Amino acid sequence: ISSLFMMPGVCLDFTPGRPYQALDEASARRALEAVGLTPADVPAGAFILLHTGHDRHAGTPAYFDAPFLTPDCVAFLASLAPRAIGVNAPTVDDRRTSERPVHRAILERNIAIIEGVANTKPLVGRRFFCTALPLRLTGCTGSPVRAVALVEE
């Protein structure tokens, strides 16, 4: 739990997110450049948040037709040594299949996954710190979290 406390944050803009949009390495590199950062600028242990705008569909069936990460995107993001990767969609994987290769690829690298993050647009291009506090649940593989961003002025 303490590993998700006060992480430096980087929010990358992938808007306009389309249904089942594949977020690949090239789009991740462009999103990083668009907020004025290079890979060397991302602090180790950061929370890398992917803003697709897809959270606007929360509470509707369209929410589940979400953008997803590709294996090359995961490899690129993992090379930045984050503590967590977050999305404003229900999952990091393509929901059209029951396979979860992106979950496995991220978790095998000991990087936390935080899904369903809301109100991400105000964080795009801003410096912030984030805390994600999970519930202590026994026998579970995941937990809801209370994610809070403290934005630098």
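How many bridges join strand S3 to S5, and do the two run parallel or antiparallel? The legends below answer this and describe further close-up views of the predicted model.

**Figure 1. Strand S5 and its pairing with strands S3 and S6.** Strand S3 (residues 47-51) is joined to S5 by four bridges, and the two strands run parallel. In this pairing, Phe47 stands opposite Ala84 of S5. S5 is also joined to strand S6 (residues 112-114), here by three bridges and again in parallel. Ala84 has Ala112 of S6 opposite to it. Between S5 and S6 the chain passes through helix H3 (residues 101-107), and this β-α-β crossover is right-handed. Within S5 (residues 84-87), Ala84 and Gly86 point one way, whereas Ile85 and Val87 point the other way. These four residues are all buried.

Figure 2. Leaving aside residues up to four places away in sequence, Leu80 touches Pro39, Val42, Pro43, Ala44 and Ile48. One of these, Pro43, is 37 residues from Leu80 along the chain, yet the C-alpha atoms of Leu80 and Pro43 are separated by 7.8 Å.

**Figure 3. Two residues with positive phi, Ala81 and Met6.** Most residues other than glycine have a negative phi. Ala81, in the loop between H2 and S5, has a positive phi near 60°. Ala81 is partly exposed, at a relative accessible area of 41%. Met6 is not a glycine either, and its phi is positive at about 55°. Met6 belongs to the segment before S1 and is partly exposed, with a relative accessible area of 31%.

**Figure 4. A nonpolar patch on the surface that includes Met6.** The patch is formed by Phe5, Met6, Phe129, Leu133, Val148 and Leu150, which together have about 510 Å² of accessible area. Strand S7 (128-134) and strand S8 (145-151) are the elements that give two or more residues to the patch. Among the members, Leu133 lies in strand S7. Leu133 is partly exposed, its relative accessible area being 42%.

**Figure 5. The two salt bridges of the structure.** Glu25 forms a salt bridge with Arg29, and the closest N and O atoms are 2.9 Å apart. Both residues lie in helix H1 (residues 25-34), where Glu25 and Arg29 are four residues apart, about one turn of the helix. Glu25 is partly exposed at a relative accessible area of 25%, and Arg29 also counts as partly exposed, at 36%. In the other salt bridge, the side chains of Arg96 and Asp94 meet at an N to O distance of 2.9 Å. Arg96 is exposed, with a relative accessible area of 53%, whereas Asp94 counts as buried at 15% relative accessibility.

**Figure 6. The cis peptide bond between Thr15 and Pro16.** Most peptide bonds are trans. The bond that joins Thr15 and Pro16, however, is cis, with omega about -5°. Pro16 is located in the loop between strand S1 (7-13) and strand S2 (22-23).

Definitions and conventions: Residues numbered from 1 in each chain as written. Predicted model: local features only at pLDDT ≥ 70, side-chain atom pairs only at ≥ 80, totals over all residues. Heavy atoms only, no water. Buried < 20%, exposed > 50% of the residue type's maximum accessible area, 1.4 Å probe, protein only. Pairing = 2+ DSSP bridges. Right-handed = clockwise from strand over helix to strand, strands pointing away. Contact = heavy atoms within 4.5 Å. Patch = residues over 30% accessible without salt bridge, like charges linked within 9 Å, V, L, I, M, F, W, Y side chains within 5 Å. Areas by Shrake-Rupley, 256 points an atom, 1.4 Å probe, with all protein chains shown as cover. Salt bridge = Lys/Arg side-chain N within 4 Å of Asp/Glu carboxyl O.
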